[in-house]
Amino acid sequence: MVGDISKRKAECSTCGGERNCYVRAEHQWRVDSEDISAHRLYQILECAGCEHTFVRVGYTNSEDYASWDDGHGNEEKEYIEHIEYLPALAKRARPEWLDSLFLSWPPGESRLYEVLDEVYKAIDAGLVMLSAVGVRTAFDVVAAKLGVDAALSFEEKLDELLSSNHIRSDERAHLAVLIEAGNAAAHRGWFPRQDELVTLIDLLERFVTQTVIEPEAAKRRDAELAAIRDGVPPKQKRLPKPKLGSEPAKSENRRGP
Ligand SMILES: [Zn+2]
């Protein structure tokens with residue numbers, strides 16, 4: 001009964017813009033006193049395009065409004081609506097491969113997905129210092145997955161990744177900056193600027209793509225190709241052609257004259 005469900009426009013985090021959304025449920029809260037009145041509208045919305053479901057909270061109060069003269073000496077006013085989304089609107093698009101990390105790892109071992117998921121949530125919430133700490137933690141989790149001893153120092157981990165050909169020397173230098181930034185956030189309360197954080201996340205995503213996503217995809221491709229090779233019917237051997245001018249082979253069962 002889609003026709004009975006009301007719709008409204010709202011920002012969809014997944015689509016990245018304003019979309020028509022189905023209002024799946026709503027609840028109103030209001031308070032009225034002599035001094036102030038306030039109103040909150042909670043709505044569970046489902047994007048009509050991508051089906052992303054989220055909560056939109058619209059908040060207004062009697063003291064927060066814009067006013068203007070209508071040209072005839074009368075005051076017009078419009079209450080300003082403050083909007084909050086739960087979860088917070090995405091400030092950075094998730095890479096396409098993020099969900100595959102959750103699905104492809106064995107149950108209980110989706111640590112990298114969980115760490116990255118928290119990093120993106122911290123970015124969405126504007127928590128830049130915690131995001132930088134999370135970036136360094138994600139590096140640690142990837143290194144452990146690649147077989148690097150967790151007890152090593154960051155320098156030693158980078159050396160091992162380099163000697164095992166997981167990274168090149170220029171990438172080692174870049175990752176050293178990423179780790180130092182994470183350390184500064186964790187131990188010295190460093191708050192990166194938004195553009196600095198974007199650079200760190202770009203680097204982390206390249207590192208994960210190169211060391212985890214692409215090798216896993218190559219393994220899947222090899223397995224699929226092996227399955228195709230095993231299923232393809234083998235080529236039939238050709239019978240040797242008789243030589244021109246040669247006599248037909250004599251049957252062994254042929255009786256003599
Ligand atoms: Zn959407």
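Modeller: With a definition: two strands pair if DSSP finds at least two bridges between them. Bear in mind that the model is predicted.

Biologist: Which residue of β7 is the bridge partner of V57?
Modeller: Strands β4 (residues 53-61) and β7 are joined by five bridges. G58 stands opposite I83 of β7. For V57, the bridge partner in β7 is E84.

Biologist: In which order do the five strands of the open sheet lie?
Modeller: Strands of a sheet pair through backbone hydrogen bonds, either parallel or antiparallel. Here the pairing is antiparallel. The order is β1-β2-β3-β4-β7.

Biologist: Which are the edge strands?
Modeller: An edge strand pairs on one side only. From one strand to the next, the twist averages 35 degrees. The edge strands are β1 (7-12) and β7.

Biologist: How many of the five residues of strand β7 are buried?
Modeller: To be buried, a residue needs 20 or more other C-beta atoms within 10 Å of its own. Strand β7 covers residues 82-86 and lies largely in the open, because its number of buried residues is zero.

Biologist: How many Å apart in space are G17 and L203?
Modeller: In sequence, G17 and L203 are 186 residues apart. In space, taken C-alpha to C-alpha, the separation of G17 and L203 is 26 Å.

Biologist: Now the helices. How are α2 and α3 oriented to each other?
Modeller: The axes of helix α2 (residues 111-124) and helix α3 (residues 128-145) come within 9 Å. They cross at roughly 165 degrees. Angles over 145 degrees count as roughly antiparallel. The orientation of α2 and α3 is therefore roughly antiparallel.

Biologist: What is the handedness of the crossing of α2 and α3?
Modeller: The residues making the contact include L112, V115 and V119 of α2. On α3 they include G134, A138 and V141. The crossing of α2 and α3 is left-handed.

Key. Residues are numbered from 1 along each chain as its sequence is written. This is a predicted model: local features need pLDDT of at least 70, side-chain atom pairs count only at pLDDT 80 or more; totals for chains, interfaces and linings use all residues. A residue is buried if 20 or more other C-beta atoms lie within 10 Å of its own, exposed if 12 or fewer, and partly exposed in between; C-beta atoms are placed from the backbone. Helices (H or I, at least four residues) and strands (E, at least two) are DSSP runs, numbered from the N terminus. Axes are lines fitted to C-alpha atoms, for helices over the stretch in contact, and angles run from 0 to 180 degrees between N-to-C directions. Angles under 35 degrees count as roughly parallel, over 145 as roughly antiparallel, 65 to 115 as roughly perpendicular and the rest as oblique. A crossing is left-handed if the near helix is turned anticlockwise from the far one by less than a right angle, and right-handed if clockwise. Two residues are in contact if their C-beta atoms, placed from the backbone, lie within 7 Å.
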